[in-house]
Structure formats: structure tokens, C-alpha cells
Amino acid sequence: SLAWLKPEHDGGSRIVNYLIEVLEKGQQNWVRCATTKTTHHTIHGLKEHVDYFFRVFAQNQVGLSDPKELLLPVTVKEHLEPPEIDMKGYPHNTVYVRAGSNLKVDIPICGKPLPKVTLSKEGVPVRPTLRFNTETTAESIIVNLKESIAADAGIYDITASNSSGTTKAVLKIVVLDRPSPPVGPVAISDVTEDSLILQW
């Protein structure tokens, strides 16, 4: 993105455009790459890790000004952003699934370069299986769980890392199921002719 100030003098005619030219380091010819009416512009289509010189002209009804040049070249490189994990779609970071049912959780993740994302439970990375696995896209981590069982419940740590940093979030999976039978033995006491007490 380039930005500049208006000319001190407009030559008696208002400025109608600004013209931007680019010169790739090592090349001879300036190339017009944009025309804009504002005093800022974002240049697209540049090559990464290449040095460029830029210059800007002001244009009025009479013609073009002399150029204003950048004295030093600019190296184009990816804008770095630390990772972010967006849990806003999951109140209390919790998801629910009925035992035996499937669960798919899509959690938005961003960062540049694309973060590496891992899922762990109690400090141990979750090993992917056909039944329980994750996939990472350019925008999210997707947790896939098939035919859930009680052992799947718990708190999982999501870690996203890139060259700009590391961030963590937790995901709590609750598996809903019918209760297990009461624990016996069943004890009988205080038997009368019309009542008794059961304990378990």
C-alpha cells in the first residue's frame, strides 16, 4: 500500500488523477500500474521477494507533474499475522453430541502464514483414526467424530502456530447418553406389613 500528500501547488487547475508507476529492480523500464483519484492505493500482482521502486505523478487538466519517487526499493513479502482461533460460535467452548451419533465441529482459524494446527487431550496429541480425526483448511480446523462414545468426552486443547506466534483454545466435548444402571446390591430393610425400605 502506498500513500502520499497532495501537491503544494495544483498549477491553477485541480488535480484529477494520480498515476503510479513501478520499476522492478534490475529492469530498465518503468511500467504504469495504477491510476487513482485518492492519495493512497494498494498495488496487487507483485512478485514475492522481489524489490520494486515506485513513483507517483499528479495530473491536472494541463498535464502531468514531475514524479515523486521512493528513494529506496521495497521488498514484497507476505504480511505476517499471528494465529487466531475463533470460538465465538461455541458458547463456553462446549459442543454436545448424543452417544452413537456423529459430530462435526468447524472452528475458524486465521493467520499468515497458514498456521499449523494440532489437537490434544490431557497433553497427548490426538492420533487420527477413521472414527476421530481433524482436517485443516485455509480458514478453519474441522473436528470429525463418528459414532461417539463416552470416552470421547473431555477437554481438548487446540494449538495453532506459525512464524508469527502460537495461540491456544480449548474445546469441551460432552457426550450425552442414558445413565448407567444403579449400582447394587439392593438392600432391603424395615419390612412391615405394607412397606419396606430399599437402598442401593
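The model described here is a predicted one. A138 is placed in the loop that runs between strand 13 (132-136) and strand 14 (140-145).

Leaving aside residues up to four places away in sequence, A138 touches I109 and L114.

## Nonpolar surface patch

V186, I188, V191, L196, L198 and W200 together make a nonpolar surface patch of about 650 Å². One of these residues, V191, has a relative accessible area of 59% and is therefore exposed. V191 is found in the loop between strand 17 (187-189) and strand 18 (197-199).

## Aromatic pairs

A pair of aromatic rings is described by the distance of the centres and the angle of the planes. Over the whole structure, a search finds three aromatic pairs. Among them is the pair of W4 and Y18, whose ring centres are 5.6 Å apart and whose planes stand at 65°, so this pair is edge-to-face. The class follows because planes over 60 degrees apart count as edge-to-face. W4 lies in the loop between strand 1 (2-3) and strand 2 (17-24), whereas Y18 belongs to strand 2, so the pair ties together parts that are 14 residues apart in sequence. W4 and Y18 are both buried.

Another of the pairs is formed by Y52 and F54: the ring centres are 6.3 Å apart and the planes are at 35°, so the arrangement is tilted. An angle of 35° falls in the tilted class because stacked planes are under 30 degrees apart and edge-to-face planes over 60. Y52 and F54 are both buried as well.

How many disulfides does a search of the whole structure find? The search finds zero. Two cysteines may be described by their accessibility. C33 has a relative accessibility of 33% and counts as partly exposed. C110, with a relative accessible area of 36%, is also partly exposed. Both assignments follow because partly exposed is the class between buried, under 20%, and exposed, over 50%.

Technical notes. Residues numbered from 1 in each chain as written. Predicted model: local features only at pLDDT ≥ 70, side-chain atom pairs only at ≥ 80, totals over all residues. Heavy atoms only, no water. Patch = residues over 30% accessible without salt bridge, like charges linked within 9 Å, V, L, I, M, F, W, Y side chains within 5 Å. Areas by Shrake-Rupley, 256 points an atom, 1.4 Å probe, with all protein chains shown as cover. Salt bridge = Lys/Arg side-chain N within 4 Å of Asp/Glu carboxyl O. Helix = DSSP H or I, 4+ residues; strand = E, 2+ residues; numbered from the N terminus. Buried < 20%, exposed > 50% of the residue type's maximum accessible area, 1.4 Å probe, protein only. Contact = heavy atoms within 4.5 Å. Phe/Tyr/Trp six-rings, centres within 6.5 Å; stacked < 30°, edge-to-face > 60°. Disulfide = S-S within 2.5 Å.
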